[in-house]
Amino acid sequence: MSDVLTQKQDELDILIEEQGYDDHFHDHHHGDKYQSNFIGHYIFSMDHKIIARQFLITGIFWAIIGAAMSIVFRLQLGFPEADLTWIKPLLGKWIVVENGIGTLSPEFYYALVTMHGTILVFFVLTAGLSGTFSNLLIPLQIGARDMASPFLNMLSYWFFFLAGCVMFYSLFLSTGPFSGGWTGYPPLSALPQASSGSGTGMTLWLISLTLFVVSVLLGGINYITTVLNLRTKGMSMWRMPLPIWAFFVTAVLGLLSFPVLASGFFMLMFDRGLGTSFFLSEIFIEGQALDRVGGSPILFQHLFWFLGHPEVYIIILPAMGIVSEVLSVHARKPIFGYQAMVLSILAIGFLSFIVWAHHMFMSGVNPFLSNFFVVFTLIIAVPSAVKVFNWITTLYGGNIRFNSAMLFAIGFVSMFISGGLTGIFLGNSAIDIQMHDTYFVVAHFHIVMGIAAFFGMFAGVYHWFPRMFSRFMNETLGRIHFWVTLIGAYAIFWPMHYLGIAGVPRRYYSFDTFDAFKHFGPMNQFITIAAIVVFSVQILFVINFFYSIFKGRKMKVKNPYGANTLEWTTPIEAGHGNWPGKIPSVHRWAYDYGKDGKEFVPQIIPMEEGEQAGDAAH
Amino acid sequence: MTGLVAILIIVLIAVIVVQIGRLSEIAAKIRGEEEVEERSNNKTAVYLLLFLVAFLAFCFISGWMYKDRMLGYGPHSAASEHGSDLDGLFNITLFWTGIVFVITHIALFWFSYKYRAQKNRKAYFFPHSTRLEIIWTVVPTFVLVYLVVSGLRIWNDVMFDVDPEDDYIEIEATGYQFAWDLRYPGPDGKLGTKDFRKIDLATNPLGQDWTDPKNIDDFQPTEIVLPKGKKVRVRINSKDVLHNFYLPHFRVKMDAVPGLPTYFVFTPSKTTEEYGQQLRDYPEYQELADPTDPESAQRWEEFEFELACAELCGKGHYSMRRLVKIVEPAEYEQWLAEQSSYYMSNIRNTENDPFKGQLLDIEILERDRELTSEFKTAIDAEESSAVIRLKNVFFETGSAELKDDSKYELNKLASLINESEGISVKITGHTDNTGDNDANIVLSKDRANAVVNYLSDKGVSGLTAQGYGSSQPVDSNDTEEGRKNNRRTEIIITK
């Protein structure tokens, strides 16, 4: 097959030169001053492809830290009586040794839980996922030389990096990092007397996440501008590949919701430092009545979840886009119902702004108000269901290649179904009375936006690794990675549903106090062991990743998968500007797979006379 | 050293893993990539199918195994009236989502298997189908509408606040780091007002306003005790950070928010004992409650409902436990009668008591009842004479002038004497042993006379008065307590 592809490639290159659009790019960039030295090329790079790699590798760094934290607190939950003295060299005073037995201190347990959530949600699944693939794919798939503003794009990464530095520093404070949950609800987060982590730890948490918001906004405005303005000739919105639609809507969501979070953060900072009472009222703590009245802790929850709910779609939409592309390419079939997929992304994006209070059914908001949020929350299941059915139908009648990318895409669909369906329980406020803040919720969101998003990310990394590093990742290791992760992830989170239905609350350091919660020891052990296994196999992925960067199988042809999208028309080692000559122009949608007996028809190939567009809608 | 060994082992494993990966690549090259690809493609397709079967089996078997431990299943039916509605809705949702879960998973993995790449097959060009898409937009919409409507009907029923006309008990739970304070309204059925500025951990943990008469009878038990079958409104408060009032067996959960009282209304439908009985037939609950003690009772015998916190509130979040006891109404009444008000036992006549030195209505009523019964006992007794101490008759210090508060007791006494026939009553005054003895005798005589004069004004005749000074102590004169007891006014009833 590779010979055919090589031969075809040459024809395609000629086609780009004949049909492509000449933007005189190379007339202006003699010698390419942006990439002239090591620092300019690899560190303060303005090339979107390098920035994508920076996001990815930073994301991997944080993912390892965040996941390792979960292993430590899972040890506490699965083996509360085990001796943890052996981690003392790492955790220091947070391991309290008594009678020769080291135990994790409750303060640090909560700090770990909090940091795990913050790191995974923001640093890994927002920056690491959307940052990586938006940067890599938007210019490549729409046929642009780079982002609209490469400089802002670079700043976006460095603000993220700075945010990471501040958060990392906070891990080593003597009072510990913030420990009030990743949602940072006041008054716990506002009052240093309420918890040791709410002192300097919380200050740094707020600074770090504010920097992160800046990063997201800089990135987002760039993605939007690029998608709207820099599409190549012929690339109408309705011809964009689905990942681009997903990244575009993600960026819009981020741009509209992150400022609201930032405003909440500022008010919280004022409450902490300037004596205001936005979120505080009638508090008696540490033997003292505070002189703060009139605020409402619930206001913060509204501001937080106005971001927080779109945030879960900011995480999952890019994964959905990636999976749609990967499924279609490797099933050798067009994605089923392209227009419905786009419309459902838009519908999800819109609805994600009017469902936020479903996180707050039991928080003391007027129960009447919850009626609306129940309705919108369950409506959002409809476009999600459409997407699932379309993915499955994409497989129907395909000629499926099972490589690691495809396996993770299939795994994503399974996870998204399992986790999405439990959302229907939680979105119904009456059931939420019982399920709220139990392990059922933990199971639900980990499967649907944790594991599923990771599966989408893995699918993307395996699929586009050759595009990033001109080499392939090792398939055998990739499959081991897939199977252990798939089975292991279900082994971790499936039993948590049972814990939740049994009423076991989340964020408990120990279950021994309550007769109703303490009899699940074996199950908690099972979960912990599964978590350790899954964590180890992620290390395998990391080894495979870095090994393959340098030693992986070389990419010999430009378009190894026989894909239609533009990123596979660039040279194997694409430099700054992506295409050496003209920018390719586009003549068809991205999903002409198996059409008219041809295995695939790239977007740059002109329509033949009398040929019907693949997506019959236009 | 151990660290070094550990690092070496990790490095070794990494090397091995990489070698395995390389080996497979080299093998693929030798055998011919396409053939290897096809074989591994087929194998993977079979694995996916096997995974489907194993996964679905795991889901059903594990669910079945754990059903007796989960709320709503096996013995764990809801202990409140609204709880069974919630459990029912849960099961309806489980039914519908279960169907979708199974069908979509079978389709996903079956298609993956069936349409695995084969050399001579071409993929079927099937970009869209309006009819199919309409079907799977409309069908989920109908199911979801059904679930929303059933859900909201239950939700609005459950969350509806009580009507003031309803017959309900209102209690209060206040969360703080890291426990709950509980408060019951006492006989008046009303919780008194409070203010966080009045909180004093030693004397007033809830910041109750003692000038509010509704607070006088409020009591603060250490466990929640409630009668079966009676509607309860829990007023939920927090002193410091967010907490959550969570009663798992009753399907009750609501955040406790500082500055914003919340509530939850529910009706317990099973007593603790009944719920324990429900558990007794299940092996999980026949285990020993304390596995280390072979003498201990079985779990179902020790069953208790529990109150937990379900909103992260700091390092002690996991330990905010209180017991909840549901009892028969008669037992509840009995328990209520045993409780003593926080004000009466901790505040009354301390420096924090705004009514210090004054009689409260409730005390007057109580004393009226007491005096009546003492008077009756004296008259019905076989002995010809009886002594009753006039507890609430007070004089200004060192003088025989009656204090205002004495009138309640004396008025009652007057009516009691007037209602009885054939008795004669003598008023006696007593002092402690401090001061001049003669003066004490004069003072006690004057005080007895003052009482006689007051009673005479109320139409009581034939009374006599006598002053004994300190000659008839009833207690030791060596302590302040004892001297206080010795300063007294009594009546002697003779038939």
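How many residues from chain B and how many from chain A does the contact take? The contact takes 90 residues from chain B and 100 residues from chain A. The legends below go through this predicted model view by view.

**Figure 1. The contact between chain B and chain A, seen from the side of chain B.** Seven named elements of chain B each give two or more residues to the side that touches chain A. Four of them are helices: helix 1 (2-31), helix 2 (33-65), helix 3 (83-114) and helix 4 (130-159). The others are strand 5 (243-247), strand 6 (252-256) and strand 8 (305-309). Helix 4 of chain B gives the most, with 14 residues. By class, this side of chain B holds 50 nonpolar residues, 23 polar residues and 17 charged residues.

**Figure 2. Chain A as a whole.** Chain A has 18 helices and six strands. Its C-alpha trace spans about 80 × 55 × 45 Å along the principal axes. Why does the radius of gyration of chain A agree with that of a compact globule? A compact globule of 618 residues would have a radius near 25 Å, and chain A has 25 Å, so the two agree. Of the 618 residues of chain A, 62% count as buried.

**Figure 3. Chain B as a whole.** Chain B has eleven helices and 13 strands. Its radius of gyration is 39 Å, whereas the globule rule gives 23 Å for 495 residues. Chain B is therefore more spread out than a compact globule. Along the principal axes, the C-alpha trace of chain B spans about 130 × 65 × 45 Å. Of the 495 residues of chain B, 32% count as buried. Among contacts in chain B between residues at least 6 apart in sequence, 67% join residues at least 24 apart.

**Figure 4. Domain 1 and domain 2 of chain B.** Chain B is divided into domain 1 (18-119), domain 2 (168-347) and domain 3 (361-494). This view takes up domain 1 and domain 2. Their C-alpha centres lie 43 Å apart. The contact between them takes twelve residues from domain 1 of chain B and 17 residues from domain 2 of chain B. What classes make up the side of domain 1 of chain B that touches domain 2 of chain B? The residues there divide into five nonpolar, four polar and three charged.

**Figure 5. Helix 9 of chain B and its buried face.** Helix 9 covers residues 406-419 of chain B, 14 residues in total. From its first C-alpha to its last, helix 9 reaches 20 Å, close to the 20 Å expected at 1.5 Å a residue. Which residues of helix 9 are buried? They are B:Glu409, B:Leu410, B:Leu413, B:Leu416 and B:Ile417. Seen down the axis of helix 9 of chain B, these buried residues fall within an arc of 120°, so they line one face of the helix. What covers them includes helix 8 (361-380), strand 11 (424-430) and helix 10 (437-457) of chain B.

**Figure 6. Two cis peptide bonds, one in chain A and one in chain B.** Most peptide bonds are trans. The bond that joins A:Pro186 and A:Pro187 is cis, with omega about 5°. A:Pro187 sits in the loop between helix 7 (150-170) and helix 8 (200-229) of chain A. In chain B, the peptide bond from B:Gln177 to B:Phe178 is cis, and its omega is near 0°. B:Phe178 lies in the loop between strand 1 (168-176) and strand 2 (179-183) of chain B.

**Figure 7. Positive phi at A:Asn99 and at B:Arg251.** Most residues other than glycine have a negative phi. A:Asn99 has a positive phi, near 50°. A:Asn99 is found in the loop between strand 1 (95-98) and strand 2 (101-104) of chain A. Is A:Asn99 buried or exposed? A:Asn99 counts as exposed, because it has 4 C-beta neighbours inside 10 Å. B:Arg251 also has a positive phi, of about 60°. Its place is the loop between strand 5 and strand 6 of chain B. B:Arg251 is buried, with 29 other C-beta atoms within 10 Å.

Notes:
Residues numbered from 1 in each chain as written. Chains lettered and ligands numbered in written order. Predicted model: local features only at pLDDT ≥ 70, side-chain atom pairs only at ≥ 80, totals over all residues. Domains from an automatic or database assignment. Contact = placed C-beta atoms within 7 Å. Nonpolar A, V, L, I, M, F, W, Y, C, P; charged D, E, K, R; others polar. Helix = DSSP H or I, 4+ residues; strand = E, 2+ residues; numbered from the N terminus. Rg over C-alpha atoms; globule rule 2.2 N^0.38 Å. Buried ≥ 20, exposed ≤ 12 C-beta atoms within 10 Å, placed from the backbone. Expected span 1.5 Å × (residues − 1). Arc of directions from axis to C-beta.
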